[in-house]
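I opened my notebook for a quick tour of this one. Here is what I looked up, entry by entry.

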Amino acid sequence: MLPAYNDARGVTAAFNRNLLTRINRELEGNFPLDQFSHAVRFDERLRRIEMHLVCERAQQVQVLGRTFSFTAGESIHTENAYKYAAPTFIQMARKAHWDCLSSWRDPGSTGYTVFLARSSDEP
């Protein structure tokens, strides 16, 4: 599961670091992109993948004129991707008033399932 979020070509890392690129461009930030590394963690208790940007050294950055201090090893938690077994997802969908109409399961070892759902509040 984790390799998909930490691919060898660095696609996901670039996607994650793009957050800092956008902060620099859109919020007048000055994050040094080469000073933050991509990190992926799995929280077993919460059943979620977490993506982080880890500061490589102590530093200060500015965003919209405000200063933010980072210590070496401190991370910015950028994303959560929750992973549920199909029956758990269906139960959660029902509680949220969604009906699962169909599903497709990955025949490989990942076990991912894609669901087609419709709001049960629709006519």
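Entry: Glu28. I began here, and at 61% relative accessibility Glu28 counts as exposed; buried means under 20% relative accessible area, exposed over 50% and partly exposed in between, with a 1.4 Å probe and protein chains only. Glu28 sits in the loop between α1 (11-26) and β1 (36-43). I also looked up its backbone: Glu28 is not a glycine, yet its phi is positive, about 55°. Most residues other than glycine have a negative phi.

Entry: ground rules. I am working with a predicted model, where local features need pLDDT of at least 70 and side-chain atom pairs count only at pLDDT 80 or more, while totals for chains, interfaces and linings use all residues. Residues are numbered from 1 along each chain as its sequence is written, and side-chain values use heavy atoms, with hydrogens and water left out.

Entry: Arg47. Here I found another positive phi in a residue other than glycine, near 55°. Arg47 belongs to the loop between β1 and β2 (48-55), and at 33% relative accessibility Arg47 is partly exposed.

Entry: the fold. I noted two helices and seven strands, in the order α-β-β-β-β-β-α-β-β along the sequence. The radius of gyration is 19 Å, well over the 14 Å that the globule rule gives for 123 residues, so the protein is more spread out than a compact globule. The radius is taken over C-alpha atoms, and the rule is 2.2 Å times the number of residues to the power 0.38. Helices (H or I, at least four residues) and strands (E, at least two) are DSSP runs, numbered from the N terminus. I read the span of the C-alpha trace along its principal axes as about 50 × 35 × 25 Å. Of the 123 residues, 25% count as buried.

Entry: Gln59. Which residues does Gln59 touch, leaving aside its neighbours within four places in sequence? I listed Pro32, Gln35, Phe36, Phe68, Ser69 and Phe70, with contact meaning heavy atoms within 4.5 Å. Gln59 is found in strand β3 (residues 59-63) and is buried, at 8% relative accessibility. Across the protein, 41% of contacts between residues at least 6 apart in sequence join residues at least 24 apart.

Entry: cysteines. How many disulfides are there? I got zero, a disulfide being a pair of cysteine sulfur atoms within 2.5 Å. Cys55 is buried at 1% relative accessible area, whereas Cys100 is partly exposed at 26%.
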